[in-house]
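Look through the model below with its cut-offs in hand. The paragraphs that follow go from the rules of reading to the details.

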Amino acid sequence: MKVRSYIGLLSAGSLGGALIVGIVGWLILSGINQSNRELEQESRNSGDSSSEYLDAHAFLSATRGCFEAFEIYPQNFTGIFGVVRDRIVLAKEGLNLLSTKYAASYSEKNIRVLAAGIRELEVAVSLMEKAVKADANKRETLIQSAEKNYQDARETLSQNLNTLESGAELRMFKSKQSMEQRLLALRDEESANILMFFFVSGLYLILVGSLAMVTYKSFASPIRKLEAAAKSSVDHNKPFNLRESGPYEIRSVTKRLRGLIGGLETRVKKRTAALQKSNNQLKQEMQQRMELETQLVHAQKMEAVGQLASGIAHEINSPSQFANDNVLFLKDATDGFIKKLNQSPDAPDEGEIEFFKENAPEAVEQAAEGISRITTIVKSMKNFAYRDAESAKRNNDLNQAIRSTVVVATNEWKYHAELDLRLQEDLPMVPCNIGEINQVVLNLIVNGAHAIRDRLSEGQKGNLVVTTQHYPDAQCVVIAIADNGGGIPPKVQERIFEPFFTTKEVGVGTGQGLAIAHNVIVKSHEGQIWFDSKEGVGTTFYIKLPMIQAKME
C-alpha cells in the first residue's frame with residue numbers, strides 16, 4: 001500500500017468517526033427537543049384541568065352558598081331571599097360556563113339534571129318568600145309546605161353537586177398523575193441518551209487509538225528503522241541490512257538504499273569528514289526542531305474532538321504531506337544514484353549527486369519527523385478525549401487548561417481577533433471537572449470571536465482577552481473573557497442563559513452554549529457566571545469558581 005492510501009484511510013477514519021459522533025449528538029438533541037414539546041403539551045393539558053377544577057369549584061361554592069345563606073342569616077331576616085336569588089344567578093352562570101367551556105367533561109344529561117335542581121331550588125325559595133308574606137292564619141301552613149319543598153330540592157341538588165365535585169376531583173387527579181408519568185419517562189429517556197452518547201464516544205476513542213497504532217506501525221516505525229540503518233551505514237560504515245517494511249515508497253527506498261550503499265562504500269569513506277560535519281549540523285537542527293515540536297505539541301492539545309474534527313484532520317494532513325514529499329525526494333535520489341552506478345546516459349551529473357548525498361540523510365530525518373508529528377497529534381486527541389470523560393472534581397492546573405483550549409479554538413478566532421492571555425502565574429490548583437470548564441471557556445471564546453467577526457469588516461481583527469485571578473480572601477478564582485464585539489442588546493440580556501435562546505440566525509446557533517455553561521458553573525461547580533456588556537463596545541464574561549467544593553467526588 002502506498003503512502004497516499006495510508007493517508008486517505010487515516011483521514012477518512014478520523015472524519016468518519018467525527019461524523020458519526022456528530023450525527024448521534026444531533027439525534028440525541030432532536031429526541032430531547034421532541035420530549036420537551038410533548039412535556040409542554042402535557043403541561044398545557046394539566047393547566048386546562050386545573051382551570052376546569054377551579055370553575056367547577058366556583059359553581060359548587062355559589063350553589064352551596066344558597067344553602068349556607070339560610071343557615072347563616074336569622075329566620076326573620078326578610079332580605080335573605082334577595083341574597084339567595086343573587087347566589088342562584090351566580091350558580092346559573094357557573095353552570096352555563098361548565099356546559100359551554102367543558103362540554104367534553106360534563107354530559108348534557110348531567111347539566112340538565114343540575115339545571116332542573118337549581119330551578120326546583122329557585123321555586124322552593126319563591127314559595128318560602130310568599131309564605132312569609134302571607135296572612136297570619138295561613139302563614140304557618142304555607143311555611144311548613146314551602147320548607148318541605150326546599151328540603152327536598154336541597155337534598156336532590158346536593159347529591160348532584162357531590163357527584164359533579166367527585167368527577168372534577170377525579171379528572172384533576174388523573175391529569176396530575178399523567179404529568180408525573182411523563183416527567184418520569186422524560187428522565188428515563190435523558191438517561192438513555194447520555195449512555196448512548198458515552199458509548200459512541202467510547203467507540204470513537206477506540207477508533208482514534210487504533211489509528212494512532214496503525215500510524216505508528218505503518219509510518220513511524222519503518223522510517224525510524226530506515227533512518228537508524230542509514231545513519232549507521234553512513235556514519236559508522238556498517239552494512240545496510242534493514243528488512244523491507246512499511247508502505248510501498250519506504251520499502252522501495254530501503255531496497256534501493258541497500259544496493260546504493262553497497263556500491264558507494266569507497267566513496268563514503270572519502271566523504272566521511274564532510275558528512276560528519278554535515279551530520280553535526282543536522283543534529284543541531286534536529287534538536288532545534290524537536291524543541292520547537294515540543295512547544296507546538298503543548299500548544300496544540302485538542303479538546304471538543306467531535307466539534308473540531310475538520311481542524312484536527314487539517315493538522316494531520318500537513319505533516320503527512322510533508323513526510324510524503326521527503327519520501328518522494330529520497331526515491332528520486334535513489335534512482336539517480338543507481339543510474340550513476342550503472343553509468344546510464346541520463347544519469348545525474350556530479351553536482352546533482354553531491355546534492356543528493358548531502359540532503360538524503362536530512363530528508364530521512366524530516367520524513368521521520370513528519371510521521372512522528374502525526375503520531376503525536378493522534379495521541380493528544382486520545383488524551384484530551386479521555387480527560388473529557390472524567391466526571392470527578394480534582395485539583396487541576398486551570399492556566400494550562402485555558403492555554404490548551406485556546407489552541408483548540410485557534411481556527412475559530414485567529415482570522416478575526418488577536419488573543420491576549422493574562423494568566424496569573426502563581427495561580428493555585430483549582431478543584432473542578434477540567435473537561436467541563438474547558439468546554440465553557442471554549443464556548444465563550446468562540447462566541448467572542450463570532451461577535452468580533454459580525455461587528456468588524458473583513459480583514460480587520462478585534463481583541464480577545466482571557467484573564468485568571470485568585471482571590472484568597474474570597475477563596476475563589478475568577479476567569480474573565482472579554483471581547484470588543486458588538487455587545488449584547490439590553491432587551492435580550494435577561495434571557496441570555498435560557499436554553500434554546502439565541503440571537504444568531506436559524507441554523508447557525510442552537511442556543512445551548514451559554515445555557516450549558518450556566519448549568520456547569522452554577523449547578524455542577526457551585527460557582528457563578530455573569531457578564532458586563534455595552535452595545536457597540538463589547539462584552540466581558542466572568543466565571544467564579546470556589547476553591548473549596550461542598551462535596552469532592
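Buried means under 20% relative accessible area, exposed means over 50%, and partly exposed lies in between, with a 1.4 Å probe and protein chains only. This is a predicted model, where local features need pLDDT of at least 70, side-chain atom pairs count only at pLDDT 80 or more, and totals for chains, interfaces and linings use all residues. Residues are numbered from 1 along each chain as its sequence is written, and side-chain values use heavy atoms, with hydrogens and water left out.

Start with the overall picture. The protein has 13 helices and seven strands. Both are DSSP runs numbered from the N terminus: helices are H or I with at least four residues, strands are E with at least two. Of the 553 residues, 40% are buried. The accessible surface is about 31,100 Å², and carbon and sulfur atoms hold 54% of that. These areas come from the Shrake-Rupley method with a 1.4 Å probe; for residues, only the protein chains shown count as cover. Take the contacts with a separation of 6 or more: 74% of them join residues 24 or more positions apart. A contact means heavy atoms within 4.5 Å.

Next, confidence. pLDDT is the predictor's confidence in each residue, from 0 to 100. Its mean over the protein is 76, and 77% of the residues reach 70 or more. Residues 292–304 fall below 50, yet this stretch has 32 contacts in the model beyond near neighbours in sequence. Residues 383–390 also stay under 50, with 14 contacts beyond four places in sequence. Where pLDDT is low, the predicted coordinates should not be read in detail.

Now helix α2, residues 80–101. At 1.5 Å a residue, its 22 residues should span 32 Å, and the end C-alpha atoms are 32 Å apart, so the two agree. The expected span is 1.5 Å times one less than the number of residues. The buried residues of α2 are I80, F81, V84, I88, A91, G94, L95 and L98. Seen down the axis, these buried residues fall within an arc of 135°, so they line one face of the helix. The arc is that of the directions from the helix axis to the C-beta atoms. On the other side of α2, D86 and T100 are exposed.

Helix α8 spans residues 309–341 and contains D335. D335 is buried, at 19% relative accessible area. Its C-alpha atom is 9.3 Å from that of V253, 82 residues away along the chain.

Turn to the rings. Phe, Tyr and Trp rings (the six-membered one for Trp) pair if their centres lie within 6.5 Å; planes under 30 degrees apart are stacked, over 60 edge-to-face, the rest tilted. The whole structure holds three aromatic pairs. F497 and F531 form a tilted pair, 6.0 Å centre to centre with 55° between the planes. F497 sits in the loop between β5 (476–483) and α13 (513–524), and F531 in strand β6 (528–534), 34 residues apart. F531 counts as buried, at 19% relative accessibility. W530 and Y542 are stacked, because their centres are 5.4 Å apart and their planes at 20°. W530 lies in β6 and Y542 in β7 (538–546), so this pair ties together parts twelve residues apart in sequence. F497, F531 and F541 form one aromatic cluster.

Last, a backbone detail. Q475 has a phi near 55°, a positive value in a residue other than glycine. Q475 is in the loop between β4 (462–471) and β5.
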